[in-house]
Amino acid sequence: MKAIYEKPQVFTDAITTYCGGCGHGIVGKLIAELIDELDLRENGILVWPIGCSCLSDRYYNMDAFMSLHGRAPASATGIKRADPSKFVLCYQGDGDMVSEGMAEIMHAAIRSEKFTVIFINNAIYGMTGGQMAPTTLEGQYASTAPAGRKELNSGYPVHMAEIMGMMPGVCYAERVTITSPGAVAKCKNALRKGFQNQLDGKGLSFIEILSPCPTGWKMAPLKAMEWVDEVVSKEYPLGLIKDTTKEEN
């Protein structure tokens, strides 16, 4: 019998700690596939944050670094500048990046650091108990917003891909999701573009991925997927926001 799909070679045999229906696992698989396809294992370094993905170094048989809260872009900057030949992938969630580490990602963009950023937006603090994040939608319930987020008290949801798209040092910004097979394929294409930009020596690439958090949202996994498509993507529209590499070709 001919195998039509195999586990990516870069994966270890470790069992993930993600909740059922979480999008991190899907994105992690796409990362592993691209590491194999682009032969990045030996010369790549994965920079992980504090958050739901903080144990991800166990899942990949390659060099990895766990940064402090919000500091992944600063760590990635140091690694990339110390050895520009390395492929450096910076992976963060919305609480880690937009609340604890907004300065770090902004200044990495200002400096046009030559690494790739994956931003998982599930509109809530997933690992620590479902608290409101800067990306939480207006009216969305959270453990620290039992009556729903109110703009009067908490301001408005932060649109990171659009902010990154305005930065001259960012060469590529796109928002995708993983709620269907077609969406997963588009997500992989966006990741491949961001990876290739770095291999080509371009500026910072930023891929925002809308991801379900059934546990934090207190929804069944299928309902959480539907909520991404029907509600979250209305606040955070999918699509290409910036690609200066097209102008260069």
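# A guided tour of a predicted protein model

Among contacts in the protein (heavy atoms within 4.5 Å) between residues at least 6 apart in sequence, 68% join residues at least 24 apart. This is a predicted model, in which local features need pLDDT of at least 70 and side-chain atom pairs count only at pLDDT 80 or more, while totals for chains, interfaces and linings use all residues. Residues are numbered from 1 along each chain as its sequence is written, and side-chain values use heavy atoms, with hydrogens and water left out.

**The whole chain**

Begin with a cartoon view of the entire protein. Its secondary structure comes to ten helices and seven strands; helices (H or I, at least four residues) and strands (E, at least two) are DSSP runs, numbered from the N terminus. The radius of gyration is 17 Å, close to the 18 Å that the globule rule gives for 249 residues, so the protein is as compact as a globular protein of that length. That radius is taken over C-alpha atoms, and the globule rule is 2.2 Å times the number of residues to the power 0.38. Along the principal axes, the C-alpha trace spans about 50 × 50 × 35 Å. Of the 249 residues, 53% are buried; buried means under 20% relative accessible area, exposed over 50%, and partly exposed in between (1.4 Å probe, protein chains only).

**The nonpolar cores**

Next, select Tyr 60, Ile 118, Leu 191 and Ile 209. These are the residues with the most contacts inside the largest nonpolar core, which has 32 residues. A nonpolar core is a set of buried Ala, Val, Leu, Ile, Met, Phe, Trp, Tyr and Cys residues joined through side-chain atoms within 4.5 Å. The elements that give two or more residues to this core are helix 1, strand 1 (44-48), strand 3, strand 4 (116-121), strand 5, helix 7 (181-199) and strand 6. Helix 1 gives the most, with six residues. Apart from this core lies another, of 24 residues, among them Ile 45, Ile 79, Cys 90 and Val 170.

Now centre the view on Tyr 60. Leaving aside neighbours within four places in sequence, Tyr 60 is in contact with residues including Val 10, Phe 11, Ile 31, Leu 46 and Trp 48. Phe 11, Trp 48, Tyr 60 and Tyr 91 form one aromatic cluster.

**An aromatic pair**

Select Phe 119 and Phe 206. The structure holds seven aromatic pairs, and these two residues form a tilted one, at 5.8 Å centre to centre with 35° between the planes. Rings of Phe, Tyr and Trp (its six-membered ring) pair if their centres lie within 6.5 Å; planes under 30 degrees apart count as stacked, over 60 as edge-to-face and the rest as tilted. The pair links distant parts of the chain, with Phe 119 in strand 4 and Phe 206 in strand 6, 87 residues apart. Both Phe 119 and Phe 206 are buried.

**Strand 3**

Move to strand 3 (residues 87-93), where Gln 92 lies. Is Gln 92 buried or exposed? Gln 92 is buried, with a relative accessible area of 0%. Apart from neighbours within four places in sequence, its contacts include Pro 49, Gly 70, Met 97, Ile 118 and Phe 119.

Leu 89 is also found in strand 3, and at 1% relative accessibility Leu 89 counts as buried. Not counting residues up to four places away in sequence, Leu 89 touches Ile 31, Ile 45, Leu 46, Val 47, Thr 116, Ile 118 and Phe 195.

**Helix 9**

Select residues 221-235, which form helix 9. This helix has 15 residues and reaches 20 Å from its first C-alpha to its last, close to the 21 Å expected at 1.5 Å a residue; the expected span is 1.5 Å times one less than the number of residues. A kink of about 40° is centred on Val 228, where the bend is the angle between axes fitted to the seven residues ending there and the seven starting there. The buried residues of helix 9 are Ala 224, Met 225, Trp 227, Val 228, Val 232 and Ser 233. What covers them includes helix 1 (24-37), strand 5 (170-177), strand 6 (204-210) and helix 8 (214-217).

**Two loop residues**

Finish with Asp 39, in the loop between helix 1 and strand 1. Its phi is near 55°, a positive value in a residue other than glycine, and Asp 39 is exposed, with a relative accessible area of 64%. Then select Ser 112, in the loop between helix 4 (102-110) and strand 4. Phi of Ser 112 is near 55°, and at 17% relative accessibility Ser 112 counts as buried.
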